[in-house]
Amino acid sequence: MPAVSKGDGMRGLAVFISDIRNCKSKEAEIKRINKELANIRSKFKGDKALDGYSKKKYVCKLLFIFLLGHDIDFGHMEAVNLLSSNKYTEKQIGYLFISVLVNSNSELIRLINNAIKNDLSSRNPTFMCLALHCIANVGSREMAEAFAGEIPRILVAGDTMDSVKQSAALCLLRLYKASPDLVLMGEWTSRVVHLLNDQHMGVVTAAISLITCLSSKNPDEFKTCVSLAVSRLSRIVSSASTDLQDYTYYFVPAPWLSCKLLRLLQCYPPPEDGAVKGRLVECLETILNKAQEPPKSKKVQHSNAKNAILFEAISLIIHYDSEPNLLVRACNQLGQFLQHRETNLRYLALESMCTLASSEFSHEAVKTHIETVINALKTERDVSVRQRAADLLYAMCDRSNAKQIVAEMLSYLETADYSIREEMVLKVAILAEKYAVDYSWYVDTILNLIRIAGDYVSEEVWYRVIQIVINRDDVQGYAAKTVFEALQAPACHENMVKVGGYILGEFGNLIAGDPRSSPLVQFNLLHSKFHLCSVPTRALLLSAYIKFINLFPETKATIQEVLRSDSQIRNSDVELQQRAVEYLKLSSIASTDVLATVLEEMPPFPERESSILAKLKKKKGPGAVSVELEDGKERGELNGGGDRGGDAAIAASNASTPSPSADLLGLRSTAPASGATPSAGSLLVDVFSEAGPSATSAGVNDDGFLSSAPPTVASEDPAPPLPESDELLNKFVCKNNGVLFENQLLQIGIKSEYRQNLGRMYLFYGNKTSVQFVSFNTTVSCPGELQSQLNVQTKTVEPLVEGGAQVQQVINIECLTDFIDAPLLNIKFRYGGALQNISLKLPVTINKFFQPTEMAAADFFQRWKQLSQPQQEAQKIFKASHGMDTEVLKAKLLGLGTALLENVDPNPENYVCAGVIQTKAQQVGCLLRLEPNAQAQPGEQMYRLTLRSSKDTVSQRVCDLLAEQF
């Protein structure tokens, strides 16, 4: 760019600026400015033509006056005239004035466009850059209409200078963001992508910003950029700091370009080409290795650049979620940052580990840092870091550490910042319910929650504990005893009084045998809190009193005296007065039988989606599209995981006291195959819907599903399933939660749970754009024979999905008999007027209905021999596509849904499993044996997988599914 000569110093401008700075008051400044404006106006209107230097000087003064906050209503034409000058400094000031003062509606825009066109066609690189900068600065729709076709040609032209290419790429990016419908790449697409191979690093850096933006909107058009991006990244990562001397920042080669390349790759799934994928994995491994090396400089700029690349690489590893080794290494690397002296690094590490905790491969690795995270929760000075630590504890929680995490979060609540207490309360309530093996622990936890942070315990939380107690016979006595003891505290939160009034009113009779908690003692304890409570709580206590009259006739006279008092029947609050009068009359005139009928024990509440979880999602905000998947993950607790046996134990323990709410999946027309009652342990359901526990309409079950509804038929023909549907389906064979599908517009998350032959699936549709989805419609269909093999019922979703928002759909599944195909999910909606039509295979596979079966070695081999018919066995010998990591293999076998039998096979390196597939028609026993040859060299390792079952189609299908996982 030309240097400014001394003659271009504009002494008059310098004097004017000095005068303004020397003004003693605002009035003096305005007076000096008005004088200068009058002088400039007279010069512009004078008969004498001004030379270029004078025009430049006066336009520059006008620009300075405008920047001081004063309106400028003249001088625009003189600025436009400067654009035709052949001097750089004059043209520069002209473009600067136009960029700042001229709006898109100006009458001069046509003259400006003509001047810009002349400069773009001049082939003078300095003038071309000035013109491109002006287009980008104005960025109006008129500019886009005029130059959107010209700039791509300049960008890819072979004779364009590198500096102009950089400006053209960034100018095009600005126009695309302002008016995407006008910037159509078309024939230029491949040539723009190949700018990633340009020798000039500045051009590559500018081009990749443009390509990333374009690929996020049109990924299919720009998918060829993946291999080029990997190639360029590989060259940068493997280079020394001296190789890219001009683009090395504190010993880190091209850090900005590296970050942009890694961010571009996050727009796409893992590369299908094995060579490209291998090269990318090598790059990521190299980045992780470099992070372990001692720093080459002690300056903060070096560590910032190095860590920026590392965190982008970790984000890409998490995005792919397909490389167990990289995920574990990334987790270990982040673990080192948890105790770093830099607060920002600790924050970023906690945030990234929250996402890692949702991956089946890295969840166990994240759990190893639990003590460090707990320490951060207690000792961090920065509230935002403490909040991230709480989020990570919530994300890493499972049955093995639930009690420890809940106890630590409760402990922290006592001193937690007020801004995060409500969210902490919701998370503790969800975790306590989700992983409650012992429901007495759940009751203790919620009552502790109310005691510690009662002001932040919303209605949803205490509603939920009441519903749990009412729906579970085995915990009612303990709950009554515990809440009675809690109410004896001198200072008792009002929410505790609400819970106490409700539970003692229903189940106070279970503890009335103890003289210390006799009926009169219970009543006096509740009534001692009455005058301290708000009107809604007093109304609840009055209902508890009338319940007491039914449970304990000996308290009738005392309670009637209370109801008869002036403070009740003459209460200024209409609701309390009406209750007191009606309850008094009811207790006086009704016979014992009528009273018992009217005041009988509350029926079990119908199971619905948890309002606590819904509240937490709402608090997270519409932008958090995939947070709910973290909230809902159960990583095998329900179907395939280390705690499968735990659910079976709960079910067995509950068999003696069947709960009326045992049908948790809402398919009440189907009886469970075994006599055991399923546990309510992990299902998050709503307590009080708007209607409460009322009878459902004929033909409609508790969740609002039609009891025998055929699949919905859409008006337009659904699209054929995506080519990658089978690959997406295979990802969920051994896991129940995760992201099923994602493109630039839509993200579909999934959370599912299965018990016996019943399943429930939650689909989360997230709008990744800022534009509404309209006419949003989803259809689930069972093609061909699948209609007679699966019964699928869906709940409709809202037809409008706001930008950045997420909607949920619930699907109920009943397995009638064994099956091979998967149901099809079709999604249709309109985005920007264009119809989007996507079809996927729902990840419902036969193994989801496995019930794990524990067997001794003798029983296993006896059954193995019984299933010796050729048609009962399916076997595959295949090459290992991943490393033979013992923990990963075990996790996948457990994720399949079977029980992993230890010390059964004579060869300790082999794995054997057993399970029973539950269908409505029959139960199919299945035995599995996996034989790895781990001693072979990497790349030559093989597996032999053998399945035996009482039904040949099941053996083959499970064998095919499982072989794809290793």
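Helices H16 and H18 are roughly parallel to each other, where roughly parallel means an angle under 35 degrees. The model here is a predicted one, in which local features need pLDDT of at least 70, side-chain atom pairs count only at pLDDT 80 or more, and totals for chains, interfaces and linings use all residues. Residues are numbered from 1 along each chain as its sequence is written, and side-chain values use heavy atoms, leaving out hydrogens and water.

## Two helices side by side

Two packed helices are described by the angle between their axes and the distance between the axes. For H16 (residues 300-320) and H18 (residues 343-356), the angle is about 10 degrees and the axes lie 10 Å apart. The axes are lines fitted to C-alpha atoms, for helices over the stretch in contact, with angles running from 0 to 180 degrees between N-to-C directions.

Which residues meet? From H16 come Asn307, Phe311 and Ile318, and they meet Leu345, Leu348, Ala349, Ser352, Thr355 and Leu356 of H18. Contact here means heavy atoms within 4.5 Å. Sorted by class, this contact has six nonpolar, three polar and no charged residues.

Let us look at one of these residues, serine 352, which lies in H18. Serine 352 counts as buried because its relative accessibility is 12%; buried means under 20% relative accessible area, exposed over 50%, and partly exposed in between, using a 1.4 Å probe and protein chains only. Leaving aside residues up to four places away in sequence, serine 352 touches Phe311, Ile318 and Leu334.

## Aromatic rings

Rings of Phe, Tyr and Trp (its six-membered ring) pair if their centres lie within 6.5 Å; planes under 30 degrees apart count as stacked, over 60 as edge-to-face and the rest as tilted. By this rule there are 22 aromatic pairs. Tyrosine 765 and phenylalanine 776 make an edge-to-face pair, with 5.3 Å from centre to centre and 65 degrees between the planes. The two partners are 11 residues apart, tyrosine 765 in strand E5 (residues 758-767) and phenylalanine 776 in strand E6 (residues 774-781).

Are these two partners buried or exposed? Tyrosine 765 counts as buried at 1% relative accessibility, and phenylalanine 776 counts as buried at 3%. Both belong to one aromatic cluster formed by Tyr765, Phe773, Phe776, Phe829 and Tyr831.

Rings can also have a charge over them: NZ of Lys or CZ of Arg within 6 Å of the ring centre and within 35 degrees of the ring normal. Here are two examples.

| Charged residue | Ring | Distance from ring centre |
|---|---|---|
| Arginine 41 | Phenylalanine 74 | 4.2 Å |
| Arginine 472 | Tyrosine 439 | 4.2 Å |

## Strands and a loop

Arginine 830 is found in strand E9 (residues 824-831) and counts as partly exposed at 32% relative accessibility.

Serine 775, in strand E6, has a positive phi of about 55 degrees although it is not a glycine. At 49% relative accessibility, serine 775 counts as partly exposed. Asparagine 903 also has a positive phi, near 55 degrees, and its place is in the loop between strand E13 (899-901) and strand E14 (911-918). Asparagine 903 is exposed, with a relative accessible area of 76%.

## The whole protein

How many helices and strands are there? The protein has 41 helices and 16 strands; these are DSSP runs numbered from the N terminus, helices (H or I) having at least four residues and strands (E) at least two. Of its 966 residues, 54% are buried.

How values were computed
Parallel < 35°, antiparallel > 145°, perpendicular 65-115°, else oblique. Nonpolar A, V, L, I, M, F, W, Y, C, P; charged D, E, K, R; others polar.
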